[in-house]
Amino acid sequence: MTTVVWFRQDLRIRDNPALAAAHARGKVAPIFILDDVTPGPRRRWGGASRWWLHHSLVSLRHDLGHLALFKGAPSDVLPAFIEKVGATAVFWNRCYEPYAIARDQALKASLQAGGIEVQTFNGSLLHEPWEVATASGAPYKVYTPYWRASLAKPVAAPLPAIKPQVDASVPPGDRLDDWQLLPTRPNWAAGWQQRWQPGEAGALEALDAFARDGLADYSQQRDRPDLKGTSRLSPHLHWGEISPRQIWARLGLETESPSNRKGAEKFLSELGWREFCHHLLYHFPTLPERNWRRAFDAFPWRQADGDLKAWQQGMTGYPLVDAGMRELWQTGWMHNRVRMVAASFLVKHLRIDWRRGEAWFWDTLVDADLANNAAGWQWVAGSGADASPYFRIFNPVTQGKKFDPDGDYVRRWCPELARLPDEHIHAPFDAPPETLAAAGVELGRTYPRPIVDHARARKAALDGYEKVRSAGD
DNA sequence: TTTTGAGTTGTTCGA
DNA sequence: GTCGAACAACTCAAA
């Protein structure tokens, strides 16, 4: 008996429920479908995600021994593939993007109507979004009670690795290179393979390194963009090269020292945010498109295309923001602390609609994830569930001094400022002229002047939120 | 149904 | 330099 396993965001052979169940039935016909056609917001993977996907598929194909690649609408591709390999069943692990849920439900119904057995599994979350609910059965809208309720539920143990018996008659489908997932002209991802190792082996190595070395100081170091204090597991998690269950199981063992235990709990609570974001997206499917708090529809966003461009290019004149945006552009990733500062700057200092920032992150982040991205941006904007209060406006200079105290992070990504002394590295616009000259910095020429004044921008943002407040009634 | 306590990540101002 | 209070009300979750 051959079972088709449709791989999506579960590009691994360990703890893969759909693959394990199919293997238990007999031969397996694995397939990945590049779906650029199903309609929906952010249905098409961004540029950085496509780079990651390419390499992750190479890795998965190697681990499986065979992987069929097809491009197009799953509603066309999958039934044809099932027929071609003579399968009687298809298994997959669930996705949670609203368009994917609609697509998969329709496909499941039509396959079942055609006599094909369909089974779906949880391969991406500790708990399904509908499994965690308040006493009255409603979805949670606040993180802390959500996570408390999640912690009270048992987490399934991870499944062992599967080396499936692949059906020899499985057609290979497309050549991966023909999908052109990798950038050319220019190849902006040159050098990314020194920084990232997409695929299951890389994910396991990253978890191993983090569990070994990262937990003891995680609670403090996670906020320091100048240090390597975070796990960098986010892109691996997004593509399902590793599952939250595996992380849960691994970190649950790291309890020999109190500091490790504290770090593990903190990290798992970050995993909890990922779960909460998926919970929100599932229960509020317009999250990527509409203000979760509708009163924010009254916020007076600016068009300001030039300011948007300066932000995207890391040319705002605020070193921490610029360092973050350049790190993003050059590596496909940005430190979480800096994401908050840079996002807050776009939304509150520049008063540009969070959706335009969300779109930029979607295209440039290797860990771009609809649930996390949409919920994160709405959190920063103040329009989201359990969001940052409107009056919380990050000061990029204060944040820089606090979390990049020696300026190492700014110097790495804004080398034109590298020779400034520590006390001026986060606010070159306040440095004495002779200090700037000695460091070879000429504002407006070698590094931009601030595109907005912090105090004025802060006041304007608060005025904008006043409109939201009055629209709330 | 009503009430009560609580709520990721900050900044600024004044003592 | 450090510290606490104000920011401003509102919504949520649970008793």
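The exercises below work through the fold, the aromatic pairs and one cysteine of a predicted model.

Local features are reported at pLDDT of at least 70 and side-chain atom pairs only at pLDDT 80 or more, while totals for chains, interfaces and linings use all residues. Residues are numbered from 1 along each chain as its sequence is written, chains are lettered from A, and side-chain values use heavy atoms, with hydrogens and water left out.

**Exercise 1. Describe the overall build of chain A.**

Begin with the secondary structure, which comes to 20 helices and five strands, where helices (H or I, at least four residues) and strands (E, at least two) are DSSP runs numbered from the N terminus. Next take the radius of gyration, computed over C-alpha atoms: it is 23 Å, close to the 23 Å that the globule rule gives for 473 residues, so chain A is as compact as a globular protein of that length. That rule is 2.2 Å times the number of residues to the power 0.38. Then consider burial, meaning under 20% relative accessible area with a 1.4 Å probe, protein chains only; 56% of the 473 residues of chain A count as buried. Finally, turn to contacts, defined by heavy atoms within 4.5 Å: of those in chain A with a separation of 6 or more, 79% are between residues 24 or more positions apart.

**Exercise 2. Find which parts of the chain the pair of W45 and W362 ties together.**

Start from the 30 aromatic pairs in the structure, in which rings of Phe, Tyr and Trp (its six-membered ring) have centres within 6.5 Å, and planes under 30 degrees apart count as stacked, over 60 as edge-to-face and the rest as tilted. W45 and W362 form a stacked pair, with 6.0 Å from centre to centre and 20° between the planes. Locating the two residues, W45 lies in the loop between β2 (27-34) and α2 (47-64) and W362 in helix α15 (residues 354-364), so the pair ties together parts that are 317 residues apart in sequence. Both W45 and W362 are buried. Elsewhere, ring pairs join W51, W52, W188, W192, W196 and W333 into a cluster.

**Exercise 3. Decide whether C277 is buried or exposed, and identify what it touches.**

First place C277 in helix α11 (residues 258-283). Its relative accessible area is 8%, so C277 is buried. Leaving out residues up to four places away in sequence, C277 touches A371, N372 and A375.

Methods: Buried < 20%, exposed > 50% of the residue type's maximum accessible area, 1.4 Å probe, protein only.
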